[in-house]
Amino acid sequence: MDQARVVAAVEKGLFIDGKWVDATGGRTFDVVNPATGQTLCAVADASPEDGRAALDAAVAAQPAFAAMSPRDRADILTRAFELLHERVDDLALLMTLEMGKPLAEARGEIAYAAEFFRHFAGEAVRIDGGFQTAPAGGARFLVTRQPVGPCLLITPWNFPMAMGTRKLGPAIAAGCTSVIKPAPQTPLSMLALMDLLVEAGLPPGAVNCIATTDAGAVIEPMIRSGAIRKLSFTGSTGVGRKLLEQCAEKILRTSLELGGNAPFLVFEDADLDEAVDGAIAAKMRNMGEACTAANRIYVHSSVIDEFGRRLASKMAELRVGPGTEDGVNVGPLIDAAALAKVETLVADAVSRGASVLTGGTAPGGAGFFYPPTVLTGVPRDAAMCDQEIFGPVAPLTPFDTEEEVIAAANDTEYGLVSYVFTNDLRRALRVAEALETGMVGLNQGVVSNPAAPFGGVKASGLGREGGSVGIDEFLETKYIGIKM
Ligand code: NAP
């Protein structure tokens, strides 16, 4: 009953210039509930012409939005933060239905998503500049910061609301208009956010939202048009690379939050219970479908058996099922392809000598479920050591020395996040400095926080989202030289 109501309440069109419109030719596509494999509803499927219309709306709205006072833009964000909390029950249910994560996690994501609006409401009114005497005297330097201009924001399906607000928060705070394109698996959360932003006072055209099943054809002309000034993309490294090439033609500002292959290091002096809890947090958030998911768990050989026993026992207790059911900890994977990928990676590791401590076999039946799985003795040439597993599978690999594990951890093209568990302060700092990642969790399995700079190095991306630097990605610095 509630399920049908929250789905029915969402506008299913394209949101362009403050209005809901149909896609060209009335084209739609189906959104599927991954827990059942059943269609939830159909939403408008944007064509390249629709993309152009959304872009035109963002471009037309840019001057007035940039001229709006920072306080007024901050107030929109603050009101949207409040509305997200007021509507958390319905929005969480909607997210669980389209994405699969358990309701408690969906509620957590709405709160996390809202926090980006609260954080950037504060940043909107603190955009600063400078005034300085030239070193040789005579002239003055006036330094000011202006919105980059209309932005294109592209988000993945795994955090349908938070990946959007992490971009919309700083864009709105900085005075940039935007076109946002959610992933086709999970467009409903972002569509629901549009009405909420209007209620919060957002002017027409300041944010436009188009879902499409033809991302390549819709997005590339927008990027190449020259009308967009910035791309902010969250998704896979492969797609990020392609978009970066497209952005090169018009030298667009780019922020890329890409894939990860997080190493999780457990030293012999770590508190093992804390490390097990950290591993579950780092592995099982979002069923393992997170860029920050612990993908390679290196455990000192003197404690790996005990660590594996405790981890497997806790993982086996987690309840798998539809995210809408009470007490479920682990929902379905996003689709059949995601499930098949996890099955293939586990089979590959086992064929190379890994042992299964718990899980390891999909239950079959409706929905795309995979059980919490712990593998030990995973050899470093297993495919899962190089690729994002994106599922609830924890691969354990033993190590003996600090040098050896740092080299193994860094032996990847990715560099998003790493985790280190040790009670030795000097080792903690030494290892954290040596790891080639943009973020490190020290004795903790979660690093995401809107007030901290989130982002990666190497093939995990460019730029940072959140923190005091998150708004910089949406601002240009202008220097005005003044002859006195
Ligand atoms: P994806 O396949 O790269 O898709 C991400 C978004 O890009 C989707 O909206 C997708 O739409 C769109 N897209 C795909 N091809 C495109 C193209 N040629 N032009 C324009 N847009 C295009 O990634 P995903 O499978 O949705 O998400 C999982 C990935 O995101 C993982 O690699 C994960 O690590 C990464 N991620 C990173 C972060 C971070 O902060 N670093 C956070 C979350 C997720 P279509 O689906 O229609 O192609």
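Aromatic pairs in this model come to a count of 7. Rings of Phe, Tyr and Trp (for Trp, its six-membered ring) are paired if their centres lie within 6.5 Å; planes under 30 degrees apart count as stacked, over 60 as edge-to-face, and the rest as tilted. F15 is buried, with a relative accessible area of 3%, whereas W20, at 23%, counts as partly exposed. Here, buried means under 20% relative accessible area, exposed over 50%, and partly exposed in between, with a 1.4 Å probe and protein chains only.

A word on the basis of these values. This is a predicted model, in which local features need pLDDT of at least 70 and side-chain atom pairs count only at pLDDT 80 or more, while totals for chains, interfaces and linings use all residues. Residues are numbered from 1 along each chain as its sequence is written, and side-chain values use heavy atoms, with hydrogens and water left out.

The next pair is F264 with Y419, also tilted, at 5.6 Å centre to centre and 40° between the planes. This pair links distant parts of the chain, since F264 belongs to strand β12 and Y419 to strand β17, 155 residues apart. Helices (H or I, at least four residues) and strands (E, at least two) are DSSP runs, numbered from the N terminus. F264 is buried at 0% relative accessibility, and Y419 is buried at 1%. Ring pairs join F264, Y419 and F421 into a cluster.

Two rings also carry a charge over them, which requires NZ of Lys or CZ of Arg within 6 Å of the ring centre and within 35 degrees of the ring normal. The charged end of K230 sits over the ring of F474, 5.1 Å from its centre. R285 lies over the face of Y112, at 5.7 Å from the ring centre.

I turn now to helix α14. Which residues of α14 are buried? They are R427, A428, V431 and A432, within a helix that spans residues 425-434. Seen down the axis of α14, these buried residues fall within an arc of 125° (taken from the directions from the helix axis to the C-beta atoms), so they line one face of the helix. On the other side of α14, L425, R426 and E433 are exposed. The cover over the buried residues of α14 includes strands β12 and β17, and these strands hold F264 and Y419 respectively.

Note on methods. Contact means heavy atoms within 4.5 Å.
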